[in-house]
Amino acid sequence: MTSDPAVLRLTVRQLLEMPRFRLRLVAGADGLDRSIRWAHSTELLDPGPYLRGNEIVLTVGAALRDAAACASFAGSVKTSRGAAIGYGIGDVTDAAPADLREVCDRLGLPLLEVPPEVPFLSFTEWFAERLAAGRDERHEREETGRLLRMVGEGLASAEVLRPRIDDAGLDPATLRAIAIPPPEEDLPGVLGVDGDTAIVITDGDGVWPEPAGIGSPGPLDHLPLSLTESLAALDAARRTGGVVHAADLATFQALLGRLDQDQLAPFIDQIARPLADYDDAHGTRLVETLRTFLDKGGAVGATSRALYLHPNTLRHRLSRIEALTGRNPLQFEDRVALAIAIWSVTRRGVSPS
C-alpha cells in the first residue's frame, strides 16, 4: 500500500476522536501525533517484515503471553515505524496486558483498546475508502490547477472555470486569485494544485498560510490578470516571507526583492564594498551618510540637519562617495544604483566584506 498525503495527515489523536471505532488510549500518550495511513492485523510476534510504516497494528494478543513477548511485539512495531497498536479486547483478554502497556509507555508507542463489537476489517475498509477519496480529490485539484494555469497563460478563457466557481458558491463579480504552497487542509473557494503551487479562487478576504501571493479582485474576465499577479506576489513572498498583495508589486522594494544574489553582486562589489572598506580604513561615515541621504529623498538640507552636518561638509562626503563608486548621489539614475547597493547590505543581510 503506497503512502498518500491525504491519509498521512490523520494522526493517532484524530483516530481516537472518531466515534465509529470507540477506541480507548491505555498507554503511549507521547505518540498521539504520529501519522497513520493504514491498518494491519496480525498475531505474529515480529510483524516488522510486513509493515511499511505508519500503520495501526491490530492484534487480539494471542501470542502476547508474557513480558518478553510483549516487549518483542511492541519493539518490532516501533522499529518498523508503526504508528500505534490496536489491541482487540474480549477474544483473549478483557484488557490490554499490563506488560504491553508498560513497554508501550516506555517506547512512546500509543496502545489503543479496540472494543469487541468493532471488527478489525472495519479499519482496513475505512482506510481504503479514505485513500480512494484522497486520490479522487487530488485528481480534481490537479485538473483544476491545469485549467488555472491555462487561463493565466491566456490559453483558455476564464469562462472554463465558471462551473467550478458556481459549484463553490462564489460571487463571479468579485473574484481574486490567491497563490500559496499546496495546503494540507481544505480551503474555501476553488482550489487547484500545479506542482509546488496551489491557487485558490475566492470572492472575499481571508487568512492564508504563509507565504502567500494575493491577486487583485474583479469580475470573471479579470481573473487572468489576478492569476498572474498572485503568482508574481507568491514569488516575492517566498523570498521575503509573509503575504504579498498585488499592490505591493509596483514598488521599489518589491522590485529589489525579486533580484537574486547574482543580480545584486555588482552593486555590492562596485558600490557597497568600496564605501565600507573606506569607512573601516579611515574611520569615516560614508555608508551612514549615504543611507541617510537616500532616506531623505536626496535632499541636502534635510540630510544635513539629520546628521548635524554643515551642508558643505555633506557635499564633501557626497563627492567622496562619487569618487569611490563612480556614481553621483545628486543624479537620479546614479542615486538609484546607490540605493540598490545600500538596500542589498541592509535589507537582505548581505555582507559587503
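This is a predicted model: local features need pLDDT of at least 70, side-chain atom pairs count only at pLDDT 80 or more; totals for chains, interfaces and linings use all residues.

I started with Asp269, which is partly exposed at a relative accessible area of 42%.

Next I looked up the partner of Asp269. The side chain of Asp269 meets that of Arg273 in a salt bridge, 2.3 Å from N to O. Arg273 counts as partly exposed too, at 24% relative accessibility.

How many salt bridges does the whole structure hold? My search found 10.

I picked out Asp194 and Arg149, whose side chains form a salt bridge at 2.8 Å, N to O. This pair links distant parts of the chain, 45 residues apart: Asp194 belongs to strand S7 (residues 190–194) and Arg149 to helix H5 (residues 120–152). Asp194 is partly exposed at 34% relative accessibility, and Arg149 is partly exposed at 35%.

Then I turned to Glu159. Glu159 makes a salt bridge with Arg162, with 2.8 Å between the closest N and O atoms. I noted Glu159 as partly exposed, with a relative accessible area of 44%. Arg162 is partly exposed as well, at 30% relative accessibility.

Last, I went looking for charge on the surface. Which residues gather in a patch of negative charge there? I listed Asp30, Asp66, Asp99, Glu102 and Asp105. I followed up on Asp105, which sits in helix H4 (residues 98–107). Asp105 has a relative accessible area of 45%, so I put it down as partly exposed.

Note on methods:
Residues are numbered from 1 along each chain as its sequence is written. Side-chain values use heavy atoms; hydrogens and water are left out. Patches are made of residues with over 30% relative accessible area and no salt bridge: like charges are joined within 9 Å, nonpolar side chains (Val, Leu, Ile, Met, Phe, Trp, Tyr) within 5 Å. Accessible areas come from the Shrake-Rupley method with a 1.4 Å probe; for residues, only the protein chains shown count as cover. A salt bridge is a side-chain nitrogen of Lys or Arg within 4 Å of a carboxyl oxygen of Asp or Glu. Lys and Arg count as positive and Asp and Glu as negative; His and the chain ends are not counted. The place of a charge is taken as NZ of Lys, CZ of Arg, CG of Asp or CD of Glu. Helices (H or I, at least four residues) and strands (E, at least two) are DSSP runs, numbered from the N terminus. Buried means under 20% relative accessible area, exposed over 50%, partly exposed in between (1.4 Å probe, protein chains only).
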